[in-house]
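Keep the structure in view as you read.

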Amino acid sequence: MPMFQRILVANRGEIALRVIRACHDLGIEAVAVYSEADRGAPWLDFADQTICIGPAVSAESYLKIPRIIAAADVTGAQAIHPGYGFLSENSKFAEQCRASGIEFIGPPVDAMDRLGNKDKSKTVAKAAKVPTVPGSDGLVHSEDEAKKFARQVGYPVLIKASAGGGGRGMRVARDDASLASGFHAARTEAEAAFKDGSVFLEKYLDRPRHVEVQLIGDQHGNVIHLFERDCSLQRRHQKLVEESPSPSLPEKVRQEMCAAAVRLAKAAGYYNAGTCEFLVDQDNNYYFIEVNARIQVEHPVTELVTGVDLIREQIRVAAGEPLRYQQKDIVQRGHAIEVRINAEDPANDFRGSPGVVKTWRPPGGPGVRLDSHVITGYRVPPNYDSMVAKLLVHQPTRAEAFAVMRRCLREFIVEGIHTTIPILKTIFDNPAFIAGKVDTTFIERELMPAKPS
Amino acid sequence: MADDKRDVPRPFDVRTVEYLLKLMSEHDLAEIDLKEGDQRIRLRKGSAIPAYYPAPLAVSQPVSPVGGAAVSANSTSAPSSNEPKAPSTSTPTKKLIEIKSEMVGTFYTKPDPKKPDFVSLGSKVTPKTVVCTIEAMKIYNEIVAGCSGTIVEICKSSGEYVQYGDVLFRVDPG
């Protein structure tokens, strides 16, 4: 398959700009689609052609498959890059693209289906001998059964009401005694609260870290990893900060996790970019949770430490080229950190802050990268997610990366909208984070409610 | 002040007013009414002199634009940041109904190269009258007028591709 002449970007904001740039770096034309809310948006100036595909509401524009495919058809685009979010993990969309003779820049449909489903992916993982969060695989009916399972997986365990939800109906048991009392209590409570006393057990991961492995495969069966990213700093399951390498992750565990991720991808017949997510407990045991079958927001972290342009590789792979790199070519150099900057007001429960950006003066200097679609005068629309920029630093050591990030956050001037920059400043002064000892509960435990500095 | 150096025109900026006046004469607009946030500017030319809407073909009577499509329809014609929207203006003369595309595809004025056009200037339409087809992925979708009146303007040429929101026809409901 020859290289594409024209690619349609089915997304908006910073990732649309990112893909347009990658296309132009390869001498490929870029077609950008936009909704009426994004009419006149700055990244559209760089596209070779633009097509309006609908009103502001995403369901009628960025998620409107027929119009997007029609846009590719009328502009002669040979491939569509879905970015992240929107239709990027919609296997029906991928299928329709390919059925229409348009390449979907992403994984094959069946791999997307298999790995996109939490349940199915666990099956694939188990078959590939990738550790998953151990569960009782069904209801537990007696204290003895519970004890048996707990001894098998090791304490602590989580007793969960199967009819529960929203964090309710869960109890942690740390030994046989607390398991016995906890089991009975949980059943009684569940019966009272949910009219259903059924419980099951799962290994309880106490304050885990979120560590994910970047993968890329080609259509010739080659799959490589590009090491890991630590994304433990999250608020309500939204990532705030990501870094690579993961601090305090033993090298042996890193190598095992990366190898496991590659095994999983190969077992699923996966190609193009994807990320394998794991939870790592305090004892450095890792457990597979899910695969993100698309390029991710935080991909630049990996690009900085490995020197690989992932979007360019995605395009090459989709055009049928073999991977440019072999596993031995991939090395982590230095330390990279990304912060997501959102148009939100941290002082008001992170309420969205749309509006006109009156001043936009981003930082710079060696090893500083900004991925953003914003320019002075840009009106942040209220219709989409609030991320306005990704600020990254890449330095020889983690300590230097922190120093540069602190300086960048101080240098960054934004007026006209609220941003999460103040809370990020607080985070980079936090001793636990500086020591590399944080987990996924950290933000909510330590920093909420936080006063911006 | 940092503000003065930006290229974004504000409603009460002389440069904006000059730019708008230029737009008005280029497109023969009688009136522009622009709003951005809580700022608004409205410019009206002369007194009751009807403005002729630019069209490639003859127009049967003087009309005023509805919906401000001329100002905001083309995303590349304006300053680099988001354009302010131009809401419809009320004028003493007739309003025209715009038939807008809700699809992306190729616009055709006839069902078949050998057959005549669905409609032409002066054609009377009712809501169910087929006015054109838009083709996407080899599927031809018949587009109905959705309104009643007379076709006074055909805004796209057969074979041209259209986007969501593009004005295809203007209809005089009178």
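Q: At what angle do the axes of helix α3 (residues 91-99) and helix α4 (residues 109-116) of chain A cross?
A: In this predicted model, the two axes come within 9 Å. Axes are lines fitted to C-alpha atoms, for helices over the stretch in contact, and angles run from 0 to 180 degrees between N-to-C directions. Helices (H or I, at least four residues) and strands (E, at least two) are DSSP runs, numbered from the N terminus. The crossing angle is roughly 180°.

Q: Is α3(A) roughly parallel or roughly antiparallel to α4(A)?
A: Angles under 35 degrees count as roughly parallel, over 145 as roughly antiparallel, 65 to 115 as roughly perpendicular and the rest as oblique. The crossing angle therefore makes α3(A) and α4(A) roughly antiparallel.

Q: Which residues of α4(A) make the contact with α3(A)?
A: Two residues are in contact if their C-beta atoms, placed from the backbone, lie within 7 Å. On α3(A), the contact uses A:Ser91, A:Ala94 and A:Glu95. On α4(A), the residues are A:Val109, A:Met112, A:Asp113 and A:Gly116.

Q: How is chain A divided into domains?
A: Domain bounds come from an automatic or database domain assignment. The parts are domain 1 (6-104), domain 2 (143-203) and domain 3 (209-447).

Q: What share of the residues in chain B score a pLDDT of at least 70?
A: pLDDT is the predictor's confidence in each residue, from 0 to 100. Local features here need pLDDT of at least 70, side-chain atom pairs count only at 80 or more, and totals for chains, interfaces and linings use all residues. Chain B averages 74. The share scoring at least 70 is 65%.

Q: Is B:Ile143 buried or exposed?
A: B:Ile143 lies in strand β7 (residues 139-144) of chain B. A residue is buried if 20 or more other C-beta atoms lie within 10 Å of its own, exposed if 12 or fewer, and partly exposed in between; C-beta atoms are placed from the backbone. B:Ile143 has 24 other C-beta atoms within 10 Å, so B:Ile143 is buried.

Definitions and conventions
Residues numbered from 1 in each chain as written. Chains lettered and ligands numbered in written order.
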